[in-house]
Each structure stands twice: as structure tokens, then as C-alpha cells.
Amino acid sequence: MKESLIISPSILSADFSDIRNEIEEISSSGLDYVHLDVMDGMFVPNITFGPKFISDLRSKTDLVFDAHLMIESPERYIHDFASAGCDIITVHAEATKHLDRAINMIKEEGKSAGVSINPATSLSEIEEILPSVDYVLVMSVNPGFGGQKFISYIPDKIKRLSEMRADSGYSFLINVDGGVNLSTIELLKDTGLDMVVTGSAFFNAPDKEIFVHTLMEKFFN
Ligand code: DX5
Ligand code: ZN
């Protein structure tokens, strides 16, 4: 059994008018990562924020910046997000015609590279890039909004991905994004998962420290 689970809260469900305090709540609940959902209104039907917002946040916190780019042709903006201070940059396989180029651009910027796939995208779409990535972000909702329902076939997909990793000796971490809460975390046990994104469940929790503790406990026990 693994010894730790990385929890990366998504600020999509935070109050943007009070973002410094919201970010501070992530650190004070003992977590090290923050998930930054960048949406362009094209790849997904919603728009959030861009490099300027991330760069402004960068000077306010030491959290690891885990940027999830839900934007068309993300290679156009990789340099900007890297310069803004993102530590991990994840692009969608469905959003680029040149996934290998996009992943290499992230690495050339000296950042950790992630690839994400939508719920209905097959693992075979990313098979060739797996040796080159640091993270695989498996979407467990259709991207675009926080607070959606976890899709039930995803735990099996994660198990198959961790089998592929073990069979080939790859070292990427597996992350899941969408609808993760204190109930659905139970479905993710024993799948080989290393990391979870949690947006609405984290920011709506009355006591975030207790939420984090309970999530961990449910995952490991
Ligand atoms: C969805 C985003 C997620 C989302 C997660 O497009 O990528 O990161 O904010 O939010 P919850 O945990 O509420 O599903
Ligand atoms: Zn996300």
C-alpha cells in the first residue's frame, strides 16, 4: 500500500474576491499543492483566469502550482504559464494536434509535465507519451465546471492505467479530477492512485483540516 496521497485543492470553487485567504486555508490545512483550472471558453464551455492571475498569486504563497490547462492548442501559452510560476503544467490530449511537442515544451521550460484525458478518451490515446510525462490527470467529470457528479467507470480506468505503468516500469504519478468527495474517495481505493484534485468538497467543508484527515483515512482504511 502507498504511504501518502497528494491532495490538490482546486480554487475553481474558491471565492476569487478573497483569494489570498482561500489560498491560506489550503496551507493551513497542511496541504502543499493548489490546482489551478485554466479554461478558455473553447475547449470547455467556461472561462476562468490566465497567466496574470497566476503570476500575482505566485508571490503570495509557496504552494506547488498545479496548472490544469483546459485550452485549445495549449502550446501557444506554455511559455506564459511557465513564466507565471506554474510548477506542473498539464495539457489535454484532446486539445492539441501535437501532444509530444506540447509535453516537450513544458519540460524545456524546466517544469513537470502532465497529460490529461477526458472521461470518454481511451488510455490508448496517451500510450506513446506515457514514458515522457510526470503526471497523468484522469478526468472523472467532463471538464468545465466544479461540483459535478463523479463518473463511475473511472476507477476501473485508473486501475488499468496503473497496470500499464507497472508493466512498463514508468514513473508518472496518477491524479484524478472531478467529483472527488468523502463518498467517492472510497471508490478510488486500491486503484494505484497517487493524487486527487478536490474543489467543491474542500472549499465547502466547514473544517478543512478535518476534511483532509477524513479523506486520507477513507482512502487508506
Ligand atoms: C473541472 C475541473 C476540476 C474541478 C473539480 O473541469 O478541472 O478541477 O474544479 O471540482 P470538483 O471537485 O467540485 O468536481
Ligand atoms: Zn482541474
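Student: Is aspartate 190 buried or exposed?
Tutor: This is a predicted model, and in the model aspartate 190 is exposed, because its relative accessible area is 67% and the exposed class begins over 50%.

Student: Where is aspartate 190 in the fold?
Tutor: Aspartate 190 sits in the loop between E7 and strand E8 (195-198).

Student: What is the phi of aspartate 190?
Tutor: Phi of aspartate 190 is near 55°, which is a positive value in a residue other than glycine. Serine 73 also has a positive phi, near 45°.

Student: Where is serine 73, then?
Tutor: Serine 73 belongs to the loop between E3 and helix H3 (78-83). With 28% relative accessibility, serine 73 counts as partly exposed.

Student: Changing topic: which residues does UniProt list for "active site"?
Tutor: The UniProt record, an unreviewed entry, lists Asp37 and Asp177 under "active site". They are spread over 141 residues of sequence, yet they cluster in space, with a largest C-alpha distance of 10.5 Å. Asp37 and Asp177 are also taken in by the lining of the largest cavity.

Student: Which strand holds aspartate 37?
Tutor: Aspartate 37 is in strand E2 (residues 33-39).

Student: Buried or exposed, for aspartate 37?
Tutor: Aspartate 37 is buried, because its relative accessible area is 4% and buried means under 20%.

Student: What does aspartate 37 touch?
Tutor: Not counting residues up to four places away in sequence, aspartate 37 touches Ser10, Leu12, Thr48, Phe49, His68, Met70 and Asp177. With serine 10 there is a polar contact between the side chains, at 2.6 Å.

Student: And where does aspartate 177 lie?
Tutor: Aspartate 177 lies in strand E7 (residues 173-177). Aspartate 177 is buried, with a relative accessible area of 8%.

Student: Which side chain makes a polar contact with the side chain of aspartate 177?
Tutor: That partner is histidine 35, at 3.2 Å. Leaving out residues up to four places away in sequence, aspartate 177 touches several others, including Asp37, His68, Leu137 and Val197.

Student: Which residues does UniProt give for "binding site"?
Tutor: The unreviewed UniProt entry places that feature at Ser10, His68, Gly144, Phe145, Gly146, Gly147, Asp177, Gly178, Gly179, Gly199 and Ser200. Of these residues, the lining of the largest cavity includes Ser10, His68, Gly144, Phe145, Gly146, Gly147, Asp177, Gly178, Gly179, Gly199 and Ser200.

Student: Let us take serine 10 from that list. Where does serine 10 lie?
Tutor: Serine 10 lies in the loop between strand E1 (6-9) and helix H1 (19-28). Serine 10 is buried, with a relative accessible area of 4%. Setting aside neighbours within four places in sequence, serine 10 is in contact with His35, Asp37, Val197, Thr198, Gly199 and Phe203.

Student: And serine 200: which helix holds it?
Tutor: Serine 200 is in helix H6 (residues 200-203). With a relative accessible area of 24%, serine 200 is partly exposed. Serine 200 touches Ser13 and Gly147, again not counting residues up to four places away in sequence.

Terms used: Residues are numbered from 1 along each chain as its sequence is written. Chains are lettered from A and ligands numbered from 1 in the order in which they are written. This is a predicted model: local features need pLDDT of at least 70, side-chain atom pairs count only at pLDDT 80 or more; totals for chains, interfaces and linings use all residues. Side-chain values use heavy atoms; hydrogens and water are left out. UniProt positions are given in the numbering used here, feature names are shortened, and annotations may be inferred rather than shown by experiment. On a 1 Å grid over the protein atoms alone, a cavity is a set of points where a 1.4 Å probe fits but cannot get out, and a pocket is an open set with protein on both sides within 12 Å along at least five of seven lines; lining residues have an atom within 4 Å of a point. Helices (H or I, at least four residues) and strands (E, at least two) are DSSP runs, numbered from the N terminus. Buried means under 20% relative accessible area, exposed over 50%, partly exposed in between (1.4 Å probe, protein chains only). Contact means heavy atoms within 4.5 Å. A polar contact is a pair of N or O atoms within 3.5 Å; within protein, one must be able to donate a hydrogen and the other to accept it, and residues adjacent in sequence count only if both atoms are side-chain atoms.
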